Amino acid sequence: QLSARDNIRVGNILLDQTDPSIERAAVNAGVHDLVKGLRHGYETLLGKWFEQGEELSEGEWQKLALARAFVRDAEVLVLDEPTSALDPGSEWEIFQHIRDLAQGKAIVLVSHRFSTVSHADSIHIFEHGRIIESGTHEQLLQHGGRYAHMYRVQAKAYQPEG
């Protein structure tokens, strides 16, 4: 329930209100054009607590949260289902930015979507709080364990019947 600018700036409150990295983070998260198009741009109040506030869709809020993560200059980023409310095109764009921004940093990505995890350097499959498999996407498919089974089940949904 803050302005769009402050919503992003929460990721790094040490930044000045006019710091260009706020808008750069919005560009990288794919939310800049949306914010610029709001009634008062980056100064628009978000949420419905205020009379002048504008509500965003779930996917738009998710992009704003990603901008918040991108503006943070952290060595480790933990992203939990960061693109679950996004369409495949937006998801692909976001992950291109995440890869660029991750240079020299560690990203812990929690996801159930194979399109999200298949490009990770290392994938860990958990069951009951324990790691039961680890490796790259290709290694885990070759292993034929739980990951490969889940991948095949999900892939079946995209294959024609017959």
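What volume does the largest pocket have? It comes to about 1,100 Å³. Keep in mind that this is a predicted model. The protein has 8 helices and 4 strands, and its C-alpha atoms fill a box of roughly 55 × 40 × 30 Å along the principal axes.

**Overall layout**
- Going along the sequence, the elements run α-α-α-α-β-α-β-α-β-β-α-α.
- That pattern is made up of 8 helices and 4 strands.

**The largest pocket**
- A set of 33 residues lines the largest pocket, and Leu109, Thr116, Val117, Ala120 and Ser122 are the ones nearest its centre.
- Two or more lining residues come from each of α5 (88-101), β2 (106-110), α6 (114-117), β3 (123-127) and α8 (146-156).
- Helix α5 gives the largest share of that lining, with 6 residues.
- Sorted by class, the lining of the largest pocket holds 18 nonpolar, 10 polar and 5 charged residues.

**Where α2 meets α4**
- Helix α2 covers residues 20-28 and helix α4 covers residues 58-71; their axes come within 8 Å and cross at roughly 130 degrees.
- The crossing of α2 past α4 is right-handed.
- On the α2 side the contact uses Ser21, Ile22, Ala25, Ala26 and Asn28, while α4 brings Ala67, Phe70 and Val71.
- The residues in this contact of α2 with α4 split into 6 nonpolar and 2 polar, with no charged ones.

**Where α4 meets α5**
- The axes of α4 and α5 come within 12 Å and cross at roughly 5 degrees.
- From α4, the residues in touch are Lys63, Leu66 and Phe70, and they meet Ser90, Ile94, His97, Ile98 and Leu101 of α5.
- By class, the contact of α4 with α5 has 5 nonpolar, 2 polar and 1 charged residue.

**Tying it together**
- Phe70 of α4 turns up in both helix contacts, meeting α2 as well as α5.
- Helix α5, besides its contact with α4, is also the element with the largest share of the pocket lining.

How values were computed
Residues are numbered from 1 along each chain as its sequence is written. This is a predicted model: local features need pLDDT of at least 70, side-chain atom pairs count only at pLDDT 80 or more; totals for chains, interfaces and linings use all residues. Side-chain values use heavy atoms; hydrogens and water are left out. On a 1 Å grid over the protein atoms alone, a cavity is a set of points where a 1.4 Å probe fits but cannot get out, and a pocket is an open set with protein on both sides within 12 Å along at least five of seven lines; lining residues have an atom within 4 Å of a point. Grid points are joined across faces, edges and corners, and a volume is the space filled by probe spheres set on the points. Ala, Val, Leu, Ile, Met, Phe, Trp, Tyr, Cys and Pro count as nonpolar, Asp, Glu, Lys and Arg as charged, and the others, Gly among them, as polar. Axes are lines fitted to C-alpha atoms, for helices over the stretch in contact, and angles run from 0 to 180 degrees between N-to-C directions. A crossing is left-handed if the near helix is turned anticlockwise from the far one by less than a right angle, and right-handed if clockwise. Contact means heavy atoms within 4.5 Å.
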